[in-house]
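Please look over the sequence and the structure first, then read the notes below.

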Amino acid sequence: MSEPSPQRRSFDPWAAVGRIGGGVLFYGAIGYLLDRWWGTPFMVAIGVVLGAALGLYTVFATLRNTPDN
């Protein structure tokens with residue numbers, strides 16, 4: 001069984017799901033910690049939206065930098 005090349009791995013839809021989901025979890029967790037620290041109720045929402053936006057950006061940036069383009 002051979003490993004896919006790094007360029008082919010960028011076209012994997014699960015990689016896109018992982019990037020977006022990872023961004024939501026990571027920045028949502030940071031927002032949760034900031035909510036607990038500052039006593040605010042909205043930093044989780046901001047973290048989730050920011051994580052999703054950054055995840056989408058990394059997916060589009062990866063697809064834009066393909067050898068075909």
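**Overview**

Of the 69 residues in the chain, 17% are buried. The model is a predicted one. The chain holds 3 helices and 0 strands, and its pattern along the sequence reads α-α-α.

**Annotated transmembrane regions**

- An unreviewed UniProt entry carries the annotation "transmembrane region" for residues 12–34 and for residues 40–63.
- In the model, the span 12–34 is 96% helix and 0% strand, and the C-alpha atoms at its ends are 33 Å apart.
- The span 40–63 is 88% helix and 0% strand, with 37 Å between its end C-alpha atoms.

- Helix 3 runs over residues 43–64 and has 22 residues.
- From its first C-alpha to its last, helix 3 reaches 31 Å, which is close to the 32 Å expected at 1.5 Å a residue.
- The buried residues in helix 3 include Met43, Gly47, Gly51 and Gly55, together with Val59 and Ala61.
- These residues lie on the same side of helix 3, because they cover an arc of only 165° around the axis.
- The other side of helix 3 has exposed residues, namely Val49, Tyr57, Phe60 and Arg64.

**Valine 48**

- Valine 48 is also located in helix 3.
- Its relative accessibility is 32%, so valine 48 counts as partly exposed; that class lies between the cut-offs of 20% for buried and 50% for exposed.
- Valine 48 and leucine 25 are 23 residues apart along the chain, and their C-alpha atoms are separated by 7.2 Å.

- Phenylalanine 11 is found in the loop between helix 1 (6–9) and helix 2 (13–38).
- With a relative accessible area of 46%, phenylalanine 11 is partly exposed.
- Phe11 belongs to a nonpolar patch on the surface, along with Leu56, Phe60 and Leu63.
- Together, the four residues of this patch have about 390 Å² of accessible area.

Notes: Residues are numbered from 1 along each chain as its sequence is written. This is a predicted model: local features need pLDDT of at least 70, side-chain atom pairs count only at pLDDT 80 or more; totals for chains, interfaces and linings use all residues. Side-chain values use heavy atoms; hydrogens and water are left out. UniProt positions are given in the numbering used here, feature names are shortened, and annotations may be inferred rather than shown by experiment. Helices (H or I, at least four residues) and strands (E, at least two) are DSSP runs, numbered from the N terminus. Patches are made of residues with over 30% relative accessible area and no salt bridge: like charges are joined within 9 Å, nonpolar side chains (Val, Leu, Ile, Met, Phe, Trp, Tyr) within 5 Å. Accessible areas come from the Shrake-Rupley method with a 1.4 Å probe; for residues, only the protein chains shown count as cover. A salt bridge is a side-chain nitrogen of Lys or Arg within 4 Å of a carboxyl oxygen of Asp or Glu. Buried means under 20% relative accessible area, exposed over 50%, partly exposed in between (1.4 Å probe, protein chains only). The expected span of a helix is 1.5 Å times one less than its number of residues. The arc is that of the directions from the helix axis to the C-beta atoms.
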